[in-house]
Amino acid sequence: MENELYGQVLLDHNMHPFHKHELEGATCSHEGINPSCGDDIVLKLTVKDGVVTDGAFQGSGCAISQASADIMLELVIGRSVEEALHLKDLFSKMIEGTITDEELEELDEAGALQNVSHMPARVKCAMLGWRTLETLLKEDE
Amino acid sequence: MNKLMSKADFPVFEKYPSLAYLDNAATTQKPRQVLEAVDRYYREENANPLRGLYGLSVAATEAYENAREKVRTFIGAKSTREIVFTRNATESLNLAAHSLGRVFVSEGDEVLVAISEHHSDMLPWQGLAEERGAEISYLECSEEGEYTVEALEKALTPKTKIFAIAQISNVYGRVNPIKEMAKVCHHNGTLLVCDGAQSVPHIAVDVQELGADILVFSGHKMLAPMGIGVLYGRQELLEKMPPFLTGGEMIETVTLCGATYAELPHKFEAGTVNAGGAVGLGAAIDYINEIGFENIERREAELTALAFEQMKDIPYVHIIGSEKAQEHCGIITFTVEGVHPHDIAALMDMEGVAVRAGHHCAQPLHHFIGIPSTARMSLAFYNDEQDVEKFITALKGLRRKMGYGE
């Protein structure tokens with residue numbers, strides 16, 4: 001089960017995160033922390049006319065938290081705030097194990113984290129980026 | 001090899017024969033002798049101890065008090081009045097801070113706590129300091145996890161009423177010089193509270209030789225069931241301390257205005273006690289005594305050295321604390337370059353190796369050493385060379401699994 005979790009998609013995003021960098025001109029930012037793990041990320045977004053035009057994160061944490069945040073940004077950049085929040089809901093559903101196959105397709109590479117639903121201890125690692133995104137977008141509204 | 005020094009008596013390994021259980025500092029597995037003793041107590045001797053006037057309650061009381069006597073002998077206390085049963089070391093430390101603090105700490109006084117302490121030996125003191133308007137300060141250790149008596153002497157002031165420190169840190173695994181520290185503390189009029197959660201299960205401890213005023217430990221880290229712990233305190237000290245929890249079975253008389261409290265140690269054991277747990281702890285002590293600390297210490301040192309020497313040779317593995325295996329007492333905390341501790345634990349789990357990851361309830365220490373989290377392997381005498389080899393093999397495979405070249 002965990003073998004599948006530490007698959008190529010997750011490893012690639014962990015080793016070579018595309019969206020892990022400073023973001024010039026960000027319109028909002030928020031720090032997300034998992035106190036018990038020490039996972040700590042700062043998520044920055046550029047939101048223009050209700051659309052997430054750019055985003056990046058920095059910080060440290062386990063492979064699950066880092067890869068999940070990177071995959072998330074890949075998914076939400078270019079989407080509207082509503083779409084981004086919808087994807088967050090889908091991701092939560094996937095982790096809770098209640099997602100349909102159709103919905104799973106919408107999550108694209110984030111589907112690589114589906115097995116986290118069987119690992120209670122790692123749920124908050126996978127959710128960190130998404131939780132931070134939700135707070136940020138709802139605060140920004 | 002001594003049969004008792006193997007996994008043969010531990011039923012959990014019948015269910016998981018290939019599990020390398022290396023999280024003994026969190027809790028140990030239980031031998032059948034302990035499980036059977038608890039089972040026998042509930043089958044044959046169970047009633048509410050200390051209360052009943054009928055035969056079965058007397059039997060329950062005897063079973064409970066026999067366990068107390070075993071603990072007394074085990075740590076060399078003068079009297080069973082000095083042995084208080086609690087739920088665990090955490091509850092013991094809360095008792096100590098709450099009760100000792102009320103009597104000995106006043107506004108403007110100081111409480112000194114070792115910086116590597118477990119949260120359970122830090123938060124109660126922080127709470128006490130706040131409640132009493134006292135100052136809390138921290139004694140720092142070296143990068144190797146060493147505390148010196150000289151540094152303690154410097155840190156003590158005429159106002160330091162309590163010094164709290166573990167005999168063995170759950171991160172460093174290093175034995176602290178409690179005996180010498182106690183002398184310095186007593187010379188200064190300071191009480192020494194010692195957390196023995198990691199030491200009492202692994203090295204021979206004699207409270208009179210140690211000199212600590214209070215010593216606490218948990219049963220579950222030394223083969224006994226969860227939910228039974230001990231607070232040892234010098235009798236004259238315990239007599240001065242007010243009760244921690246109040247309620248049933250800890251009073252002499254109760255009126256609408258108050259109560260006079262029962263004698264030691266019952267004054268500190270409010271409510272129905274965990275007699276089954278105490279019986280289990282008694283059986284655990286018998287088990288440990290049968291092996292003998294000489295053998296336990298030798299075996300654990302052997303296994304620690306076997307793991308340590310191999311870990312030292314892996315360039316991307318960093319060990320926290322001393323560079324000497326013999327200063328790790330079965331606890332090796334480490335990091336792996338490029339692999340987060342949670343990933344270490346998850347990947348090792350896939351190989352059937354159980355290790356802990358995180359801050360090990362010692363977050364201030366992790367801040368102090370500038371590492372947010374670490375992984376920890378911790379041994380017990382029933383581990384074997386195969387466990388260590390499995391761990392080392394898993395350790396060497398980690399970076400490859402995370403996508404690094406090696």
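This is a predicted model: local features need pLDDT of at least 70, side-chain atom pairs count only at pLDDT 80 or more; totals for chains, interfaces and linings use all residues.
Figure 1. The lining of the largest cavity divides into six nonpolar, two polar and two charged residues. Who are they? Thr28(B), Pro201(B), His202(B), Lys221(B), Met222(B), Leu223(B), Ile288(B), Glu300(B), Ala380(B) and Phe381(B) line this largest cavity. Its volume comes to about 60 Å³. In total, the structure holds three cavities of 30 Å³ or more.

**Figure 2. The largest pocket is lined by 13 residues.** Now for a pocket. The largest pocket has a volume of about 340 Å³. Sorted by class, the lining of the largest pocket has six nonpolar, three polar and four charged residues.

**Figure 3. Chain A and chain B meet at an interface.** Here you can look at where the chains touch. On one side, 16 residues of chain A are in contact, and on the other, 14 residues of chain B. The size of an interface is often given as the accessible area lost when the parts come together. For chain A and chain B, the area buried between them is about 1200 Å², with 57% of it on carbon and sulfur atoms. Four residue pairs are in polar contact across this interface, both residues of each pair being at pLDDT 80 or more. On the side of chain A that touches chain B, the elements giving two or more residues are α1 (2–5), α2 (8–15) and α3 (63–76) of chain A. Of these, α2(A) gives the most, with three residues. By class, this side of chain A has nine nonpolar, four polar and three charged residues.

**Figure 4. One salt bridge is found across the interface of chain A and chain B.** Side chains of opposite charge can pair when their charged atoms come close. Which side chains meet here in a salt bridge? The partners are Asp343(B) and Arg122(A), at 2.9 Å from N to O.

**Figure 5. Lys138(A) and Glu134(A) form a salt bridge within chain A.** The closest N and O atoms of this pair are 3.1 Å apart. Both residues belong to helix α6 (residues 123–140) of chain A, and because they are four residues apart there, about one helical turn separates them. Over all chains, the structure holds 26 salt bridges.

**Figure 6. Two spots in the backbone deserve a second look.** Most residues other than glycine have a negative phi, and most peptide bonds are trans. Asp49(A) is not a glycine, yet it has a positive phi of about 50°. Where does Asp49(A) lie? Look in the loop between β2 (39–48) and β3 (51–60) of chain A. In chain B, the peptide bond from Leu264(B) to Pro265(B) is cis, with omega near -5°. Pro265(B) has its place in the loop between β10 (258–261) and α10 (275–291) of chain B.

Definitions and conventions. Residues are numbered from 1 along each chain as its sequence is written. Chains are lettered from A and ligands numbered from 1 in the order in which they are written. Side-chain values use heavy atoms; hydrogens and water are left out. Contact means heavy atoms within 4.5 Å. Buried area is the accessible area (1.4 Å probe) that two parts lose on being put together, summed over both. A salt bridge is a side-chain nitrogen of Lys or Arg within 4 Å of a carboxyl oxygen of Asp or Glu. A polar contact is a pair of N or O atoms within 3.5 Å; within protein, one must be able to donate a hydrogen and the other to accept it, and residues adjacent in sequence count only if both atoms are side-chain atoms. Ala, Val, Leu, Ile, Met, Phe, Trp, Tyr, Cys and Pro count as nonpolar, Asp, Glu, Lys and Arg as charged, and the others, Gly among them, as polar. On a 1 Å grid over the protein atoms alone, a cavity is a set of points where a 1.4 Å probe fits but cannot get out, and a pocket is an open set with protein on both sides within 12 Å along at least five of seven lines; lining residues have an atom within 4 Å of a point. Grid points are joined across faces, edges and corners, and a volume is the space filled by probe spheres set on the points.
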